[in-house]
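Good morning, everyone. Please have a look at the structure on the screen, and I will walk you through it.

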2 protein chains.
Amino acid sequence: MELLDGKRISDEIKGEIATEVEKIKKEGGKIPRLVAILVGHDGASETYVGHKEKSCNQVGFESQVLRFEDTITEVELLQEIEKLNNDPLVDGFIVQMPLPKHIDEQKVIEAIDPRKDVDGFHPINVGRMVIGLPSYISATPDGIIELLRRYKIETSGKHCVVLGRSNIVGRPIANLLSLKAYPGDCTVTVCHSKTPNIKEFTKNADILIVAMGKAEFVTADMVKEGAVVVDVGITRVKSDKTKSGWKLLGDVKFDEVAPKCSYITPVPGGVGPLTIASLLKNTLRAAKKEIYG
Amino acid sequence: MELLDGKRISDEIKGEIATEVEKIKKEGGKIPRLVAILVGHDGASETYVGHKEKSCNQVGFESQVLRFEDTITEVELLQEIEKLNNDPLVDGFIVQMPLPKHIDEQKVIEAIDPRKDVDGFHPINVGRMVIGLPSYISATPDGIIELLRRYKIETSGKHCVVLGRSNIVGRPIANLLSLKAYPGDCTVTVCHSKTPNIKEFTKNADILIVAMGKAEFVTADMVKEGAVVVDVGITRVKSDKTKSGWKLLGDVKFDEVAPKCSYITPVPGGVGPLTIASLLKNTLRAAKKEIYG
């Protein structure tokens with residue numbers, strides 16, 4: 001069993017990006033610039049945006065956080081997005097979710113210029129991804145692809161079972177892994193809350209990707225010997241064994257599943273660290289106008 | 001075993017559309033108008049476009065075929081598309097594929113205003129479909145959905161196996177049937193040319209959708225007793241038993257598979273007749289501005 005070390009891969013990707021930025025600087029080119037819109041004072045959102053800003057600094061990007069009170073109206077927010085769409089200095093931007101209830105998140109996503117949509121949530125980027133065209137792929141599925149690629153895991157002809165059908169993880173990774181590509185060319189099964197007999201599917205999975213948000217759902221009896229297991233879940237539960245009083249659990253019962261696996265992600269330290277690396281990668285591609293010219 | 005009669009369902013849908021058009025006429029509204037661009041003189045394309053025009057007449061739509069020689073340049077074709085995009089009298093239009101080799105088909109597809117993209121091939125319509133938003137769904141997957149819906153076939157929690165991962169059939173129907181919807185909520189497996197053991201999957205399918213383009217690929221031993229089988233394949237083969245000297249075969253060996261099925265599509269007369277009905281439905285939705293306002 002080998003751990004899929006997301007932290008190491010993330011550092012590797014960041015290093016590559018930093019090298020490219022250095023080169024751009026030396027050649028007198030425009031430094032990539034990522035802007036994050038943050039509405040309100042949600043603790044988790046503050047943390048995420050903080051991490052993103054720090055990572056921008058690490059790789060040499062310019063970055064900015066635009067903060068708004070949660071009293072901002074939908075019209076005002078859409079105006080701010082329009083400004084960023086039209087700002088030639090901004091290569092990519094994200095709107096940190098969730099947004100206050102009086103704002104239609106889907107409307108906000110669709111207001112972002114697809115060329116600057118480095119979160120990859122705009123339908124045009126989703127559509128391009130599904131039909132195999134170059135696109136901004138959203139952070140978590142892109143992170144999973146990077147893990148498989150950089151650990152040189154064979155995927156062609158393998159049966160990949162995805163647990164969860166969310167628009168941000170299950171659905172995109174299922175589409176990506178069935179494309180004619182590497183990583184890809186998998187036979188892919190998508191299971192979800194309406195699947196009556198999930199174990200019948202997971203037992204046959206060569207690659208198992210779990211994104212359900214149910215702590216320790218996957219047990220050893222559900223996993224095939226030698227499987228590759230990618231655990232996207234992360235749930236915070238109380239614990240009397242840690243100083244902080246809580247611990248993070250994945251969707252996979254790691255201790256009993258890991259010994260059966262050829263590869264498995266730890267939680268934390270698996271897919272999580274890769275999401276910001278993917279965002280930075282998309283921002284670099286935006287700055288280089290790689291996708292939309 | 002019951003036949004999924006695509007001809008009957010197609011007539012039913014056309015009847016519903018005709019009724020709506022009658023109502024629009026009575027109320028003095030604008031009659032839906034579909035335009036088809038036809039480049040060159042490909043026999044099959046001529047036939048398809050002819051059928052589409054005839055069907056428009058049947059339901060009371062206005063229709064027009066714009067014909068161009070295959071010497072038309074890409075720039076000229078894109079200009080024609082732009083004219084249609086800007087023509088307020090045109091509700092929807094299609095560009096009949098295939099196009100001559102000197103024209104980039106994907107560029108043409110992306111030049112069509114998504115609001116008039118009644119073929120549903122523009123990435124924004126694909127993306128909206130994948131994330132479960134209202135969109136123009138392309139003809140074949142929409143036809144399959146209509147068959148399942150109008151025959152009231154139970155889909156929730158069923159295992160649907162899709163053979164084929166093309167952008168026009170396999171991939172969209174796999175996405176649609178895994179959505180939280182009816183028809184939908186299936187556990188979906190996509191198999192394709194890189195799947196080493198297709199039979200292991202098909203044997204467990206409650207719903208089997210075959211879109212490989214390999215005549216009579218699916219044999220009785222590959223199908224579960226009681227399965228619902230939808231055959232999208234259509235291959236023309238020589239025959240000394242028909243007057244015309246040829247016959248049409250599906251991807252399923254009908255004679256031996258049909259007795260095992262609860263429902264099965266005939267070929268021809270299954271999904272085929274529904275594709276034009278779906279195109280008409282999309283055109284009506286475009287005229288009513290149901291999706292994009």
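Start with two helices in chain B: H6, residues 139-150, and H10, residues 272-287. Their axes come within 8 Å and cross at roughly 100°. Angles of 65 to 115 degrees count as roughly perpendicular, so that is what we call H6(B) relative to H10(B). Keep in mind that this is a predicted model.

Which residues of H6(B) and H10(B) make the contact? From H6(B), take B:Ala139, B:Thr140, B:Asp142, B:Gly143, B:Glu146 and B:Leu147. From H10(B), take B:Leu274, B:Thr275, B:Ser278 and B:Leu279. Sort the contact of H6(B) with H10(B) by class, and you get four nonpolar, four polar and two charged residues.

Next, the two chains. Two copies of a chain are related by a rotation about an axis and a shift along it.

Now, where do they touch? On chain A, 25 residues are in contact with 25 residues of chain B. Three elements of chain A each supply at least two residues to that side: helix H5 (123-130), helix H7 (170-178) and strand S6 (187-191). The largest share, seven residues, comes from H5(A). By class, this side of chain A has 11 nonpolar, nine polar and five charged residues. And 100% of chain A's interface residues are also interface residues in chain B, so the copies meet through the same surface.

S6(A) is joined to S6 of chain B, residues 187-191, by three bridges. The two strands run antiparallel. What stands opposite A:Thr189 in S6(B)? B:Thr189 does.

Last stop: a sheet within chain A. Strands of a sheet pair through backbone hydrogen bonds, either parallel or antiparallel. This one is open, with three strands in the order S3-S2-S4, and the pairing is parallel. S3 (62-68) and S4 (92-95) of chain A stand at the edges. Each has a single partner strand, so one side of each is left without a neighbour in the sheet. From one strand to the next, the twist averages 15°.

Zoom in on one pair. Strand S2 of chain A, residues 33-39, pairs with S3(A) over seven bridges, in the parallel sense. Within S3(A), A:Ser63 is the residue opposite A:Leu34.

That's my tour. Thank you.

Definitions and conventions. Residues numbered from 1 in each chain as written. Chains lettered and ligands numbered in written order. Predicted model: local features only at pLDDT ≥ 70, side-chain atom pairs only at ≥ 80, totals over all residues. Axes fitted to C-alpha atoms, helices over the stretch in contact; angles between N-to-C directions. Helix = DSSP H or I, 4+ residues; strand = E, 2+ residues; numbered from the N terminus. Parallel < 35°, antiparallel > 145°, perpendicular 65-115°, else oblique. Contact = placed C-beta atoms within 7 Å. Nonpolar A, V, L, I, M, F, W, Y, C, P; charged D, E, K, R; others polar. Pairing = 2+ DSSP bridges.
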